[in-house]
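Me: Hey, I'm new to this one and could use a quick tour. Can we go through it together?

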Amino acid sequence: MIIWWFVFLLNRVIALPVCTNQPNIKDYAVLSALLPLHSGDDCSETQIRGIQQLAALEYGLNKVNADLSQYGDLKISLQILDTCSNSNRAVKATMKGLVSAEQTCIKSPLFLGYVGPDDLESFINVHKITFLLNKTHVLPYKIDLKERPANVFFIGTDQTGIRAKAILTMLSNLGWENYVPVVEDSIQTNNLLDTLVDLSDGHVCPLGKPITLPKSENGYTTVYKEIIGSQVHSSIDGILIIVEKPEALKPLLKILSNSANSQRSPLVIYIISVGLKLWDFPRSDSLKIIVMQEATEFIVKNDIKQYFNDSLLISYHEQTKSYKRSCNNNPMCLDSLEEELDSTVIPITYAVHLFANALKMSLDQKCKYNLESPGICRNLQSMPPMEWASLLRTQSTIMNGPEGPKRVRFQMEIPHHVSVYMWNTVPRQFDLIATITNGDRLSFMKNVFLPSSIRSNKISADRSAFCQSYKTKQTKTAATVPPVEDATGAKEDDWSPIWQFLPSGEKNHKTKSTYQGIVVMLCIGFGFLIFMIVSMRILYNVFKFKQGNDESSSKRRKRAEKAKKPRRTSSVTSRRLSRVSSIISTRSR
């Protein structure tokens, strides 16, 4: 990481003299996209998922640039940064984009921000740099972050719960009540398995600890032996495999294809990202497999496919020719999984529209008096990055989709779609048998039913007893295991909130007691201050009430005196009038 920072600072120094024409107003804004266009150690294997995400961006930009015609020649251009499906390469690509923005003198809001990367590991490494420079990130779906940064926005809500619901719907339809869990070594898949266990509420039980797929191919033989060893239990309904990236599943499928073991339990495989080919699966009638591929609904597929990059698509088909030759014109080579669009396609399209809407709003606010030349003005160029992030956070727009007008905003509910495939022993190929919408709407294709060989046919009472015993065993284990002190420094008596902000190196007992003493003194002082403020307020109200009573009594006395004076005046006047009348009468005599 130090090397990357050195390269980044060096590139910034080199870029400084280039910005001599900064007063020249640009006619375009830049949107950077961190996409997994390739993979592999040499970044040479083209990924269909990256091609689809790029097409979604092009599809969205084609629409928003047409709407920007009222602002002169302003357009949004796309900066494509290939992450090579690797976190370290994603950091390199991010720095490349930042250097390019510095050299062309484009800053926020004309540098709109980043779309992606959507995998957690790459994003954490990339965000360490972009956070310091106040660059915005828009991700397709909400991911589990310890902190909520101000410059990160999510189009869709967290999909963990709805994915668990879709898996539970399939397992319940199969009649399973227990399974052997196999998961990829990632935070997302482990959270998904935990959510599934909580959601099932003891009705569908995992057997033992989950088997974790290794990150290198060397450990897959051990994983296969664990899976085979788990099948000795007669009460097992099947094996559930959950993966995020298809690459994590390929070595295991290769071992299953070469295995001669005919006594195999049914497999249900849930895949989050697209990219797996049907020819990667074992072609055996004895192996019962159901593939659940998370994807995008069919109604938008043709619109997105029109924007596929031709050169990348040719490269993708070239590298798959060798696989197709090995199929020997097998029907499985007609890969229907290639027709599936990744579930991130629709959120990425929405992200482009929200970026464009924020740009239009900033133009209306900053350049509304720039009537002579519509478009980018000086005020817009000097807009602070935090103001741009605050404006972007509040964006929403209306889009016309296949189902009619729809409001698009951040943290919105996006329909969830899963395509279900199963091996058909008659034509010897995988067929699309069902779809699951929003986790619980299971719709089978016409005249398609689940075969009895993959459904659980054990007695319900036995399965219920097994689930109850498993649940009781887990509860007893949790109750009897004594609490273990966390080695990271989280203690059971860490009651002070300030303790969470201390460096880990200072979390010793002596320092801890010192900070606890300081916190106690601060709390006492703060409490005494509150007591004094309340007491002074009460005394002030009492004094004000007494003063008001005195003032009101004095006012009443004054009013009474004024009421008496007119009566005295009238008597004096009457006496004077009587004297005058007596004098007049005397003179008249």
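Me: Let's start with Glu387: buried, partly exposed or exposed?
Reply: Glu387 counts as partly exposed, at 30% relative accessibility. Keep in mind that this is a predicted model.

Me: And what does the side chain of Glu387 meet in a salt bridge?
Reply: That would be Lys366, with 2.9 Å from N to O. The two come from distant parts of the chain: Glu387 is in helix 13 (residues 385–393) and Lys366 in helix 11, 21 residues apart.

Me: How accessible is Lys366?
Reply: Lys366 has a relative accessible area of 23%. Buried means under 20%, so Lys366 is partly exposed.

Me: How many salt bridges are there?
Reply: The count comes to four. Among them is the one between Asp118 and Arg49, whose closest N and O atoms are 2.3 Å apart. Asp118 sits in the loop between strand 5 (111–115) and helix 4 (120–130), while Arg49 is in helix 2 (residues 48–67), so this bridge ties together parts 69 residues apart in sequence.

Me: Which other residue does Arg49 form a salt bridge with?
Reply: Asp342, with the closest N and O atoms 3.2 Å apart. Asp342 lies in the loop between helix 10 (310–327) and helix 11 (345–366), so here the parts tied together are 293 residues apart in sequence.

Me: New topic. Which cysteines does a disulfide join?
Reply: Cys43 and Cys84, at 1.8 Å from S to S. The structure holds one disulfide. Cys43 is in the loop between strand 2 (38–39) and strand 3 (45–46), and Cys84 in the loop between strand 4 (75–82) and helix 3 (87–103), 41 residues apart.

Me: What hand does that link have?
Reply: Left-handed, with -75° about the S-S bond. Cys43 is buried at a relative accessible area of 18%, and Cys84 is buried at 7%.

Me: What about aromatic pairs, how many?
Reply: Three. One of them is Phe111 with Tyr114, an edge-to-face pair at 5.5 Å centre to centre and 75° between the planes. Phe111 is buried at 2% relative accessibility, and Tyr114 is buried at 0%.

Me: Last one: which residues make the nonpolar surface patch of about 640 Å²?
Reply: Phe526, Leu529, Ile530, Ile533, Val534, Ile538 and Val542. Ile530 is in helix 15 (residues 509–588) and is partly exposed, with a relative accessible area of 39%.

Conventions
Residues are numbered from 1 along each chain as its sequence is written. This is a predicted model: local features need pLDDT of at least 70, side-chain atom pairs count only at pLDDT 80 or more; totals for chains, interfaces and linings use all residues. Side-chain values use heavy atoms; hydrogens and water are left out. A disulfide is a pair of cysteine sulfur atoms within 2.5 Å. Helices (H or I, at least four residues) and strands (E, at least two) are DSSP runs, numbered from the N terminus. Buried means under 20% relative accessible area, exposed over 50%, partly exposed in between (1.4 Å probe, protein chains only). Patches are made of residues with over 30% relative accessible area and no salt bridge: like charges are joined within 9 Å, nonpolar side chains (Val, Leu, Ile, Met, Phe, Trp, Tyr) within 5 Å. Accessible areas come from the Shrake-Rupley method with a 1.4 Å probe; for residues, only the protein chains shown count as cover. Rings of Phe, Tyr and Trp (its six-membered ring) pair if their centres lie within 6.5 Å; planes under 30 degrees apart count as stacked, over 60 as edge-to-face and the rest as tilted.
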